[in-house]
Amino acid sequence: MNLPEVVSPEEWEAARQDLLVNEKELTRARDALAAERRRMPRMAVEKDYRFDGPDGPAGLLDLFAGRRQLVVYRFFYEPGVAGWPERGCGGCSFLADQVAHLAHLNARDTTLVFVSRAPQPDIQRWKARMGWDIPWYTVTDDFDADFGVDEWHGTNAFLREGDQVFRTYFVNNRGDEAMGSTWAYLDLTALGRQEEWEESPAGYPQTPPYQWWHLNDEYRDGT
């Protein structure tokens, strides 16, 4: 293995400072991209998509669980997946292991759910084995085909205005590999992190950073 050279503490710090310039540039570029994403046009969802859930049939609006935003990850778990029905897609499972506590997303009026073609008994058994508590629904119609996730994985973001649902963003392939953290999911949404430092259109909900952050058992009524 051809490892980098060994240097003095002073030389190491100088090298770190040089790299930090590029890292800061990347952070600013990521923030600018998220700001551009918040200005994407919306697409009205006109179909009445139906799902099976742990509590029975549900519509797309039900997946919001009363919140304003919804992030839907299509988990590749169905007949045809290697290891079915004892196991789901390895990459999707790797992502699921990284999902942060959902209370933080919920506090920003955002719900995360998984959807698959697998029947609910298989989903519940798979969730129990892996220790996941993410809400997970069964696709029963054209939802996956209509939203670009009929043959693989992908993440769609939606915004609700009353009973009208809008599609606001979609990412798949390697764009999914960064998912899992609260910040990664919020940066995909139409409203973003909803913090005052963000460059968002006028009138978007925003609060000071840090002040809304709490321990996952300290939020009240999901806020």
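Seven helices and eight strands: the secondary structure of this protein chain comes to 7 helices and 8 strands. Helices here are DSSP runs of H or I with at least four residues, strands are runs of E with at least two, and both are numbered from the N terminus. This is a predicted model, where local features need pLDDT of at least 70 and side-chain atom pairs count only at pLDDT 80 or more, while totals for chains, interfaces and linings use all residues. Residues are numbered from 1 along each chain as its sequence is written, and side-chain values use heavy atoms, with hydrogens and water left out.

Now the overall picture. Along the principal axes, the C-alpha atoms fill a box of roughly 60 × 50 × 35 Å. The chain has 223 residues, and 43% of them are buried. Buried means under 20% relative accessible area, exposed means over 50%, and partly exposed is in between, with a 1.4 Å probe and protein chains only. The chain exposes about 12,700 Å², and carbon and sulfur atoms supply 52% of that. Those areas come from the Shrake-Rupley method with a 1.4 Å probe; for residues, only the protein chains shown count as cover.

Next, contacts. A contact means heavy atoms within 4.5 Å. Take the contacts between residues at least 6 apart in sequence: 62% of them join residues at least 24 apart.

Charges, briefly. There are 24 positive and 38 negative charges, and their mean positions are 2 Å apart. Lys and Arg count as positive, Asp and Glu as negative; His and the chain ends are not counted. Each charge is placed at NZ of Lys, CZ of Arg, CG of Asp or CD of Glu.

Let's look at one helix. Helix α5 covers residues 120–130, and its buried residues are Gln120, Asp122, Ile123, Trp126 and Lys127. Why do these sit on the same side of α5? Because they cover an arc of only 155 degrees around the axis. That arc is taken from the directions from the helix axis to the C-beta atoms. As background, an α-helix has 3.6 residues a turn, so residues three or four places apart point the same way. What covers the buried residues of α5? The cover includes β2 (50–53), α3 (90–96), β5 (110–116) and β6 (136–139). Turn to the face away from the buried side, and you find the exposed residues Pro121, Ala128 and Arg129. Just after α5 comes glycine 131, with a positive phi of about 75 degrees.

On to the cysteines. A disulfide is a pair of cysteine sulfur atoms within 2.5 Å. By that rule, the count is 0 disulfides. Cysteine 89 is in none; its nearest cysteine sulfur belongs to cysteine 92, 3.4 Å away. For the sulfur of cysteine 92, that distance of 3.4 Å is too far for a bond. Buried or exposed? Cysteine 89 counts as buried at 11% relative accessibility, and cysteine 92 counts as buried at 1%.

Some backbone details now. Most residues other than glycine have a negative phi, and most peptide bonds are trans. Here, a cis peptide bond joins tryptophan 84 and proline 85, with omega about 0 degrees. Proline 85 lies in the loop between β4 (69–74) and α3. Asparagine 173 is not a glycine, yet its phi is positive, near 50 degrees. Look for asparagine 173 in the loop between β8 (164–171) and α7. Tyrosine 210, also not a glycine, has a positive phi of about 70 degrees. Tyrosine 210 lies in the segment after α7 and counts as exposed, at 60% relative accessibility.

Helix α7 itself spans residues 182–188 and holds alanine 184. Alanine 184 is buried, with a relative accessible area of 14%. Leaving out residues up to four places away in sequence, alanine 184 touches Ala178 and Met179.

Last stop: the segment after α7. Glutamate 195 is placed there, and at 2% relative accessibility glutamate 195 counts as buried. What is glutamate 195 in contact with, leaving aside neighbours within four places in sequence? The partners are Arg108, Trp183, Gln206, Thr207, Pro209, Tyr210, Trp212 and Trp213. From glutamate 195 to tryptophan 212 is 17 residues in sequence and 9.3 Å in space, C-alpha to C-alpha. Threonine 207 is also found in the segment after α7. Threonine 207 is partly exposed, with a relative accessible area of 29%. Beyond four places in sequence, threonine 207 touches Arg108, Gln194, Glu195, Glu196 and Trp212.
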